[in-house]
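Subject: Structure handover

Hello,

Here is the structure we talked about handing over. Please open it and keep it beside this message as you read.

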Amino acid sequence: MNAAPAPFPGGRTLAHHKAAPLAQPIVPAPRPRALNLPLHGYAGEPEPDLEARLQVQPGQRVVAGELLLAHQDDAHPALHAPLAGVFTGLHRCAAPTDPWAAAQHLQIEVATDAEPVQPPDDAPADLDLTGVSATDVIEALKRCGVVGLGGARFPTAEKVRHGQGAVETLIINGVGCEPYIACDEALMYARPRAIILGARLLARALAARRIVIALEDPVADAHGSLVTRLNDDLQALGPVDVEIDVVQVPERYPQGAERQLIQTLTGQAIPHHQLPQSFGLLVSNVATAASAFDATIHQRPLTHRVVTVTGPAMAQPMNVYAPIGSAVADLIELAGGRPDDNARWVLGGPLSGQPIHNLAASIDKGSLCVLGLPEESSSARQSPLPCINCGFCVSVCPAQLLPQQLFKLAQHGQHTEAQALGMMDCIECGLCAEVCPSHLPLVDAYRHSKDWLRAQQRDERAQQRAKRRFDARQARIEKQQSADQARRQARAERLQSQAAAQSEIEAALARARAKKTGPHSPTESGKTGKTGESGDKGNGGDPAT
Amino acid sequence: MSVTTGPHRPSRVRVSTVMGRVVIALIPAVAVHTWVFGTGVLVQMALAVGWAYLFEGVMLWARGRALGPFISDHSAALAGVLLALCLPPLAPWYVGATGMLFAIVVAKHLYGGLGQNLFNPAMVGFAVVIIAFPESLTHWVTPRSVDGAVPDMITVLRAIFTGHLPSGMAWDALSQATPLDQIRQGLAAGQTLTEIGQDPMFGGLGSAGWEWIALAYGLGGLYLLKTQTITWHVPGAVVLATVILSLPGWLIDPDQFRSPLQQLMSGALVMAAFFIATDPVTGSATPKGKVVFGIGVALITLAIRAWGGYPDGVAFAVLLMNLCVPLIDAYTRPTIFGHGSARSASSAAKRTERP
């Protein structure tokens with residue numbers, strides 16, 4: 001199954017620049033002095049119930065793999081200490097790509113005798129997975145804090161639980177389509193069996209019948225074909241209960257984006273308001289599969305990840321097995337780059353990556369790549385020219401948008417109009433900016449516009465909530481008032497007749513006597529009687545109750 | 001450490017590259033044009049480009065814009081070359097100057113400069129001179145392939161700078177109506193196309209000299225397609241629409257209706273297809289819209305040729321279609337990925353089955 005039934009629209013074939021970091025095996029990062037583990041949940045929301053979930057006290061010694069932050073619910077995964085050391089507490093420091101947003105970090109001062117963690121070996125060929133149940137897998141994913149390692153950091157346990165029963169085909173995404181980013185390829189060369197077994201465990205948890213491992217195989221000529229390696233390992237691992245295929249897809253950016261990959265493999269464009277699960281499909285990254293294997297079989301928490309540290313600014317581009325919370329500057333130095341160079345440092349790839357503002361900031365579970373591009377001379381980087389509507393961006397846009405029109409709307413603050421033209425369907429792949437002859441910062445404008453729209457939606461939701469609350473309160477008050485009204489009227493009618501009035505008075509006297517002879521002291525009972533009376537009165541008039 | 005937003009690897013293809021490629025693609029046409037009509041073409045071009053840069057510089061200064069990045073984008077030069085190619089080679093100097101004044105000052109800068117203009121600057125300039133100097137615009141030099149010679153440099157310079165020919169020469173001897181004009185007048189006089197076509201000015205493919213120029217424009221157009229400077233949509237639509245629209249009439253009555261080949265090979269239709277209607281700024285932004293734009297240009301050009309008061313209508317066709325661009329864009333937006341009609345869930349899962 002090598003042919004693409006219907007490739008995704010747009011896109012562009014780019015030089016991959018991956019041979020250099022793949023020329024050597026994954027390098028373990030040396031022991032850092034400290035680790036700052038970023039604490040931001042999925043989609044940048046703050047972590048809830050931080051105090052309650054924190055499993056360690058400041059000043060407490062921790063061992064490698066110790067639980068720092070407990071799993072809250074499926075949306076807020078657990079976090080573990082990558083290396084032994086002392087937990088020094090919560091620190092608020094800047095995020096690498098956003099100078100304004102300070103994020104909470106769990107800081108660990110790494111012990112001087114802590115051994116750097118070596119990249120794990122590949123799984124043995126004779127491993128038996130029988131006896132591992134779906135629940136075992138999901139529990140292991142939760143316990144070990146496994147999240148989507150393709151960049152989204154979505155908790156894998158939740159993704160699997162949502163897909164259970166609905167997913168027929170599990171797609172394992174090894175399509176590292178963006179130039180320079182070679183962490184997925186490095187992992188596929190190093191641990192093909194762990195990926196295959198991890199995929200089988202995920203498929204078991206999902207009750208999926210098929211697994212498709214998709215990849216581009218960009219450096220097959222230089223370093224051997226990954227397709228062949230994976231197929232050999234499939235043979236070596238022997239027959240299994242699920243069908244497994246290895247599919248090579250054409251090199252075309254952004255082939256690795258979830259919906260674009262599904263389009264290429266199945267010919268199906270997942271509607272914008274639906275998830276792949278609705279079509280019996282689920283996409284998971286190769287590194288996530290390997291980490292699901294580590295979690296389920298070896299109970300190894302997710303504390304390290306492969307990060308590609310590359311680009312012309314590095315003397316020795318490499319794939320680093322880095323503990324989560326490593327400083328970007330340390331990784332750059334490891335790869336022979338100089339953090340004080342006047343280079344353009346990017347977290348992520350050259351197209352979709354974001355500029356790094358603070359090299360002291362640290363990587364998280366979703367960091368794929370630290371890229372150093374040489375800063376062009378000022379003559380090469382001219383200020384942007386006006387858009388000439390050349391349409392280059394239209395022809396490369398994988399979402400089939402009109403990027404130049406969206407840009408103009410975003411620039412003029414017409415975000416609602418931009419939304420009508422599909423602003424929220426932009427996947428921020430960066431191709432439009434890459435081909436723009438006017439060097440316009442298109443993606444930047446889209447991010448701004450999308451942030452504005454999201455904030456607007458949040459405000460609207462908050463307004464609606466407030467309005468619902470207000471309406472409910474109004475209704476409650478009205479109901480109370482009409483009930484009081486009815487009661488008062490009923491009493492007034494009863495008092496109309498002389499006999500009834502007499503008996504009312506007697507009843508009141510009897511109540512008062514009963515209270516006096518009660519267990520309370522006279523002053524207290526008097527007070528109570530009074531309060532009761534005024535309370536009764538108050539109930540009728542005070543709308544606040 | 002400098003921190004700047006993306007694009008992290010800005011495109012090597014700049015606006016000046018795009019405009020420069022179009023100028024390069026015009027070289028074959030300019031060469032053939034010069035061979036057919038003489039050095040007057042080059043003089044017109046030098047003058048027009050000179051005016052273009054002058055007006056561009058003055059307007060940039062007047063609008064308080066940076067001179068450097070905008071003067072070097074080659075867009076002014078391109079407008080100058082395109083207008084010069086539309087002018088009769090012996091037209092007086094003020095014709096080109098007026099054309100460039102309206103092209104650069106009015107059509108381009110008064111509408112906001114590069115990227116903001118609604119109308120194709122070169123065509124605005126040309127439309128103005130068609131209306132302002134109808135007399136000068138009819139004096140087209142007789143092509144070399146018809147009378148074997150073109151005016152020499154002295155004649156050219158005198159005609160352009162004084163507006164008069166050297167003594168002993170007459171416009172009648174030197175120039176003739178363009179084939180399109182000849183057909184229009186002939187048909188109006190009740191002649192059939194077969195009778196009109198006897199004249200040697202109609203050459204092998206529809207009009208002597210002009211047919212080679214059209215082919216040279218096509219060659220340059222292929223270069224633009226090859227370098228992905230333009231897409232196939234506009235030229236494809238113009239050429240195909242011309243053929244489809246002119247074919248039925250010609251099949252029914254070849255004495256009254258011109259053949260598709262003659263329509264394409266005379267006048268400025270091929271030039272418009274690859275170089276004028278493909279102007280990105282004033283054209284449609286969407287792929288479908290580009291097709292509609294091209295069809296519109298062909299349709300209006302053929303209509304003006306058949307029924308209008310001018311022998312060729314490319315300039316007016318392009319300007320009229322420029323007017324329609326906002327409407328075209330609004331109705332031809334591509335379907336956003338994931339917004340089309342979805343197939344059923346089971347079929348998607350089945351597609352990944354082993355063959």
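Below are the notes on what was found, chain by chain and then residue by residue.

**Ground rules**

This is a predicted model, where local features need pLDDT of at least 70, side-chain atom pairs count only at pLDDT 80 or more, and totals for chains, interfaces and linings use all residues. Residues are numbered from 1 along each chain as its sequence is written, chains are lettered from A and ligands numbered from 1 in the order in which they are written, and side-chain values use heavy atoms, with hydrogens and water left out.

**Chain A overall**

Chain A has 18 helices and 16 strands. Both are DSSP runs numbered from the N terminus: helices are H or I with at least four residues, strands are E with at least two. The radius of gyration of chain A is 31 Å, well over the 24 Å that the globule rule gives for 545 residues, so chain A is more spread out than a compact globule. That radius is taken over C-alpha atoms, and the rule is 2.2 Å times the number of residues to the power 0.38. The C-alpha trace spans about 110 × 60 × 50 Å along the principal axes of chain A.

Of the 545 residues, 51% count as buried. Buried means under 20% relative accessible area, exposed over 50%, and partly exposed in between (1.4 Å probe, protein chains only). Contact means heavy atoms within 4.5 Å. Among contacts in chain A between residues at least 6 apart in sequence, 72% join residues at least 24 apart.

The accessible surface of chain A is about 24400 Å², and 51% of that belongs to carbon and sulfur atoms. Areas come from the Shrake-Rupley method with a 1.4 Å probe; for residues, only the protein chains shown count as cover. Chain A carries 51 positive and 58 negative charges, with mean positions 10 Å apart. Lys and Arg count as positive, Asp and Glu as negative; His and the chain ends are not counted. Each charge is placed at NZ of Lys, CZ of Arg, CG of Asp or CD of Glu.

**Chain B overall**

Chain B has 20 helices and 2 strands. Its radius of gyration is 23 Å, close to the 20 Å that the globule rule gives for 355 residues, so chain B is as compact as a globular protein of that length. Its C-alpha atoms fill a box of roughly 80 × 60 × 35 Å along the principal axes. Buried residues make up 54% of chain B. The accessible surface is about 15100 Å², with 68% from carbon and sulfur atoms. The mean positions of its 20 positive and 16 negative charges are 22 Å apart.

**Where the chains meet**

Look at helix H1 (residues 15-25) of chain B. Its buried residues include B:Val15, B:Met19 and B:Arg21. The buried residues of H1(B) pack against helix H12 (392-396) of chain A. Within chain B, they pack against helices H2 (27-37), H5 (75-86), H14 (210-226) and H17 (269-276).

**Two buried polar residues**

A:Glu185 sits in helix H5 (residues 183-190) of chain A. At 0% relative accessibility, A:Glu185 counts as buried. Its side chain makes a polar contact with the side chain of A:Lys18 (3.2 Å). A polar contact is a pair of N or O atoms within 3.5 Å; within protein, one must be able to donate a hydrogen and the other to accept it, and residues adjacent in sequence count only if both atoms are side-chain atoms.

B:Gln44 is in helix H3 (residues 40-62) of chain B. It is buried too, at 2% relative accessibility. A polar atom of its side chain lies 3.4 Å from the backbone oxygen of B:Pro88. Beyond four places in sequence, the contacts of B:Gln44 include B:Ala84, B:Leu90 and B:Ile160.

**Backbone points to check**

Most residues other than glycine have a negative phi, and most peptide bonds are trans. A cis peptide bond joins A:Tyr253 and A:Pro254, with omega about -5 degrees. A:Pro254 lies in the loop between strand S10 (243-248) and helix H9 (258-266) of chain A. A:Tyr180 is not a glycine, yet has a positive phi of about 75 degrees. A:Tyr180 is buried, with a relative accessible area of 7%. A:Glu428 also has a positive phi, near 55 degrees.

Best wishes
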